[in-house]
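Me: I would like to learn how to read the architecture of a two-chain model, feature by feature. Could you take me through it, with the general idea before each case?

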Amino acid sequence: MTTETPAVPYGFLDLPRLMALMTGDEKHGPAATSTLDALWVLYDRVLRVTPETADRQDRDRFLLSKGHGPMAYYAVLAAKGFLPAELLPSFGSYDSPLGHHPDRLLVPGAEISSGSLGHGLPLAVGTALGLRAQGLTDPAVWVLIGDAEFDEGSNHEAVAFAGAYGLDRLHVVAIDNSSATHGWRGGMAARFAAEGWSTETVDGRDHDALHRAFTAPHPGRPHAVVARVEPKTAA
Amino acid sequence: MDTMRERFAAVTTDLLDHDPRLALVLADIGVDAFAPAAARHPDRVVNVGIREQLLIGTAGGLALTGMRPIAHTFASFLIERPWEQVKLDLVHQGVGAVLVSAAGSYDWPAGGRTHMAPGDVALLDTLPGWTVHVPGHPDEAETLLRHAAADGDSLAYVRLSAHRNEHPVPVVPGRFTRVREGSRGVVLAVGPMLDAVLAATETMDVTVLYAATVRPFDAAGLRAAIGERADVVLVEPYLAGTSATAAHDALADLPHRVLALGVPKEEHRHFGSIPEHLAAYGLDATALRARISEYVW
C-alpha cells in the first residue's frame with residue numbers, strides 16, 4: 001500500500017473510473033452520483049485543505065453527514081490524494097478502511113464518522129464554535145446533507161441555533177434528489193432562510209453554478225446551498 | 001453549605017478562567033448560574049436552547065477542534081434523550097467530553113418520572129471508555145470535576161445530586177476509600193448513599209467501602225477489602241444492579257455473593273420528597289439495616 005499522491009492529478013472525468021474500483025461498474029445511476037459534482041467542486045475549487053494540510057488547525061473542514069453511499073466521497077478523496085486509489089477496490093472488506101459508512105479514525109481526510117443520519121450538522125455547529133473560540137475566524141466548515149436526511153429533527157435544532165447565533169463560518173450543501181418521503185413543500189432553502197441563513201438553490205450538476213453558490217458572500221450569516229439533482233426514483 | 005450544582009458553577013467558572021481549552025455547553029438548564037462565566041467567555045459558554053441532540057453534537061464538534069467540552073443538563077436530557085449522540089458524536093468520533101448531570105434518580109420526586117433517569121449509569125456501561133463519578137458531597141464534586149476537566153480527552157460523566165452526605169470523604173478519583181473496617185463482608189456505598197449505609201451498619205462487623213468514582217470499577221480496591229467472607233453489598237443511588245456485573249467480575253475466581261441494592265426498575269408513581277422516595281426504595285438507613293443484616297450473617 002502506498003500513500004503517495006498520484007504523479008498526474010486526477011480530474012473530474014476520472015471519478016467514474018475510481019468509483020468503478022468500488023462498485024465494479026463504470027455506469028452509475030443518479031443515486032450513486034448525487035453528491036459527486038458538489039463534492040468535486042468543493043474539493044477542487046473551494047475547500048482550503050490538502051493531504052499536506054489535513055492536520056493543520058486552520059484548514060477548512062468538510063463533514064460528510066450523509067454517510068450512505070460514500071463511493072463518490074472516497075473517489076474524490078482518492079482523486080485529491082487523501083487516500084491512495086489502490087485502496088478503493090477493498091471497499092467494504094474486512095481489513096479495508098473504507099466502510100459503507102465512513103469512519104474518521106480509518107479514512108484519511110474524513111473529518112467525521114457518519115452513517116446514522118442527522119449527526120453531521122450538529123457536529124459542524126460545534127466545530128464552527130470551537131474554531132471561533134480559538135480565534136480561528138477564517139477556516140470554513142462545510143457539511144453535506146441530503147434532502148431525506150433533513151427529515152431528522154436534529155438538523156432542525158442545528159439550523160435554528162446556527163441562524164440565531166450568526167455562525168457565519170458554517171456552510172451546508174444540501175443535495176436534493178427528491179428522496180424525502182414527504183418532501184419539503186416550498187423547498188429546503190426556505191427552512192434555512194426562515195432561520196436567518198443565506199441560501200442559494202442551484203443545479204447540482206452545474207459546476208460553475210455550484211462554485212458561484214459556494215463562494216457567494218454571506219456576512220454574519222451561515223450559508224446553505226441546495227444542490228438539486230435528478231430525483232432518486234428517476235434512475 | 002452550597003449544593004453540588006452551585007459548586008459545579010463556581011468550579012467551572014474558575015476553570016474557564018484558567019484553561020482556554022475548556023468550553024461549556026448548556027441547554028437552558030443551569031444558565032443563570034453561569035451568567036458571569038458567559039459574560040467573561042462568550043465564545044466558550046454556549047447555550048443552545050432546549051435542544052439536547054444539539055447539546056451533545058455541539059460538544060462533539062468542539063472536541064473535534066481540540067477543545068475540552070463540558071455539557072450539562074438534567075440526566076434525563078443529557079444521557080437518555082440524546083443517547084445516540086452520546087454513542088456516535090462522542091464515543092464513535094473518538095473524542096472526549098465531560099458530561100455533568102443533575103437530578104439523576106430521585107432529586108425531584110415531585111417532578112415525576114419524566115425527570116428521573118436512574119438508568120443513566122447502566123446505559124453508559126453499554127459503551128466503552130467512560131469514567132463515571134458519583135460524588136456524595138460538594139467538596140468531592142469539586143475534586144472530581146477538576147480531575148475530569150483536566151483528564152486529557154477522556155470521556156467523563158459526573159453525576160451531581162441534591163442528595164448528599166453530611167461530611168466529605170477525601171476521595172482519590174478512581175479509587176474506593178475504606179471508611180470502616182470489619183470482617184464479615186463488604187458494603188460498598190456509592191456517592192450520596194454513604195451516610196445511610198454508615199448508620200445502617202453501625203453495629204455490624206462489616207467493612208464499608210466508599211465509591212465516588214464507580215467506573216472504572218476499582219476491582220483491586222474491592223478485592224483488598226474482602227475479609228473472611230467474599231460477601232458484598234452494593235448500595236447505589238441509581239438503578240439497582242448497575243454495578244453487580246463489575247462486582248462479580250472482580251470476584252470471579254472466588255466463591256462469593258453479591259447483593260445489589262439501588263433504585264428499583266419499576267416506575268414509582270408517587271411524588272413527595274427525597275426521603276420519602278429513599279424509604280420507598282428501601283434505601284434509607286432503617287430499610288438498609290434490615291436488608292443488609294439479613295444478608296450478612
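Me: How many of the contacts in chain B with a separation of 6 or more come from residues 24 or more positions apart?

Reply: Two residues are in contact if their C-beta atoms, placed from the backbone, lie within 7 Å. In chain B, residues 24 or more positions apart account for 72% of the contacts with a separation of 6 or more, and in chain A 77% of the contacts between residues at least 6 apart in sequence join residues at least 24 apart. This is a predicted model, in which local features need pLDDT of at least 70 and side-chain atom pairs count only at pLDDT 80 or more, while totals for chains, interfaces and linings use all residues. Residues are numbered from 1 along each chain as its sequence is written, and chains are lettered from A and ligands numbered from 1 in the order in which they are written.

Me: What secondary structure does chain B have, and why is chain B said to be as compact as a globular protein of that length?

Reply: Helices (H or I, at least four residues) and strands (E, at least two) are DSSP runs numbered from the N terminus, and chain B has 12 helices and 12 strands. The radius of gyration is taken over C-alpha atoms, and the globule rule is 2.2 Å times the number of residues to the power 0.38. For chain B the radius is 19 Å, close to the 19 Å that the rule gives for 297 residues, so chain B is as compact as a globular protein of that length. Its C-alpha trace spans about 60 × 40 × 35 Å along the principal axes.

Me: How many residues does each chain bring to the contact between chain A and chain B?

Reply: The size of an interface is often given as the accessible area lost when the parts come together. Counted by residues, this contact takes 22 from chain A and 24 from chain B. Helix H5 (120-133) and helix H6 (153-165) of chain A each supply at least two residues of the chain A side, and H5(A) provides the largest share, 11 residues.

Me: Which residues of helix H5 of chain B are buried, and what covers them?

Reply: A residue is buried if 20 or more other C-beta atoms, placed from the backbone, lie within 10 Å of its own, exposed if 12 or fewer, and partly exposed in between. In helix H5 (residues 83-92) of chain B, the buried residues are B:Gln85, B:Val86, B:Leu88, B:Asp89, B:Leu90 and B:His92. Their cover includes H5 of chain A, together with elements of chain B, among them helix H3 (52-64) and strand E4 (97-102). Over the whole chains, buried residues make up 55% of chain B and 50% of chain A.

Me: Which residues touch the most other members of the largest nonpolar core?

Reply: In soluble globular proteins, nonpolar side chains tend to be buried together. A nonpolar core is a set of buried Ala, Val, Leu, Ile, Met, Phe, Trp, Tyr and Cys residues joined through C-beta atoms within 7 Å. Of the 167 residues in the largest one, those touching the most other members are A:Val125, A:Ala174, B:Val187, B:Leu188, B:Ala189, B:Val197 and B:Val235. Helix H4 (residues 71-79) of chain A gives this core its largest share, nine residues. Beyond its neighbours within four places in sequence, B:Val187 is in contact with residues including B:Val197, B:Val235 and B:Ile292.
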